[in-house]
Amino acid sequence: MLAMQNAFQSVALIGKYQSPEVAGAVFRLAVSLRERGIDVMIEQATASATGITSEFPVATYDQIGSKADLAVVLGGDGTLLTAARRLASHKVPLAGVNQGRLGFLTDIPGDCMLERISEIISGHFSRDERMMIAVTIERAAERVFNTSVLNDCVISKGESGRMIEFELHIDGEFVYFQRSDGIVISTPTGSTAYAMSANGP
């Protein structure tokens, strides 16, 4: 009967990469969700890093994408950005609990995690749709890499001591030719962190 009152029936928990210190928070949240009649799964690398491998089902990102109604990310912005990239094609909504330092994107404070997640599970939330960038790298007309990103992509000279030369085209239209260290292509999500790290508003 309790499950009918929940806005989400299946929740995946994703913790900061290779960080056993999030184990306590992951376990507390998993138990709290299970007590509400919610199916809980722990992301594979999170389960391995935290040692939570027997109490709850362990799932890959693909399994989370096909089964979870919601993914709760416990970590910093890097953890949430990775989860967003891995789950973008599955359109699984994300909620971020800040277990990192600044937490621009993981905006639920760790000390009130259970209360805030409970509110979300009860349906007290608003969705925030975010733009993503599709990134493809081609060499000699062959696609060698592609992904989606929530914040930004950077084209840079790498470890080379020289500047690089590139042309920028938008929707097939030439914009400019440039010699520089590189270029940052940012979504509104990414630009917020860049502005703040540069002491902007």
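**Salt bridges, sheet, cores and surface**

Let me start with one residue. Arg 116 has a relative accessible area of 30%, which makes this residue partly exposed. On our scale, buried is under 20% relative accessible area, exposed is over 50%, and partly exposed is in between, with a 1.4 Å probe and protein chains only.

Before going on, the ground rules. This is a predicted model, where local features need pLDDT of at least 70 and side-chain atom pairs count only at pLDDT 80 or more, while totals for chains, interfaces and linings use all residues. Residues are numbered from 1 along each chain as its sequence is written, and side-chain values use heavy atoms, with hydrogens and water left out. Helices (H or I, at least four residues) and strands (E, at least two) are DSSP runs, numbered from the N terminus.

Back to Arg 116. What is its salt-bridge partner? Glu 119, with the closest N and O atoms 2.8 Å apart. Both residues sit in helix α5, three residues apart, about one turn of the helix. Glu 119 is partly exposed too, at 34% relative accessible area.

The rule for a salt bridge: a side-chain nitrogen of Lys or Arg within 4 Å of a carboxyl oxygen of Asp or Glu. That gives a count of five salt bridges.

Here is another of them. Glu 55 and Arg 34 meet through their side chains at 3.6 Å, N to O. Glu 55 lies in the loop between α2 (44–50) and β3, and Arg 34 in helix α1, so this pair ties together parts 21 residues apart in sequence. Both ends are partly exposed: Glu 55 has 43% relative accessible area, and Arg 34 has 39%.

One more. Lys 157 pairs with Asp 181, the closest N and O atoms being 3.8 Å apart. Lys 157 is in the loop between β9 (152–156) and β10, Asp 181 in the loop between β11 and β12 (182–186); that links distant parts of the chain, 24 residues apart. Lys 157 is partly exposed at 27%. Asp 181 is partly exposed at 48%.

Now the sheet. Strands count as paired if DSSP finds at least two bridges between them. Six strands make an open sheet in the order β3-β2-β1-β4-β5-β6, with parallel pairing. Which strands stand at the edges? β3 (58–59) and β6 (108–109): each has a single partner strand, so one side of each is left without a neighbour in the sheet. β1 and β4 run parallel, joined by five bridges. There, Gly 15 has Leu 74 in β4 as its bridge partner.

Next, the hairpins. β7 (residues 133–139) and β8 (residues 142–149) run antiparallel, with seven bridges. Ala 134 stands opposite Ser 148 in β8. Two residues lie between these strands, and Ala 140 takes a positive phi near 55°. Val 144 belongs to β8. Its relative accessibility is 42%, partly exposed. It touches Ile 137, Glu 138 and Arg 139, leaving aside residues up to four places away in sequence. Contact here means heavy atoms within 4.5 Å.

β10 and β11 also pair antiparallel, over seven bridges. Glu 165 faces Arg 179 in β11. This hairpin has two residues between its strands, and Asp 171 takes a positive phi near 50°.

Inside now. A nonpolar core is a set of buried Ala, Val, Leu, Ile, Met, Phe, Trp, Tyr and Cys residues joined through side-chain atoms within 4.5 Å. The largest has 26 residues, and those with the most contacts inside it include Val 11, Leu 33, Val 72 and Ile 117. Two or more residues each come from β1, α1 (23–35), β2 (39–43), β4, β5 and α5 (113–121). α1 gives the largest share, six residues. Apart from that core lies another, of 17 residues, among them Ala 12, Ala 71, Leu 80 and Val 92.

Helix α4 (residues 77–87) has buried residues including Asp 77, Leu 80, Ala 84 and Leu 87. What covers them includes β1 (10–15), α3 (61–67), β4 (70–75) and β5 (94–98).

Last, the surface. Ile 170, Phe 174, Val 175, Tyr 176 and Phe 177 form a nonpolar patch, with about 470 Å² of accessible area together. Patch residues have over 30% relative accessible area and no salt bridge; like charges are joined within 9 Å, nonpolar side chains (Val, Leu, Ile, Met, Phe, Trp, Tyr) within 5 Å. Areas come from the Shrake-Rupley method with a 1.4 Å probe, and for residues only the protein chains shown count as cover. β11 (residues 173–180) gives the most to this patch, four residues. Ile 170 is in β10 (residues 164–170).
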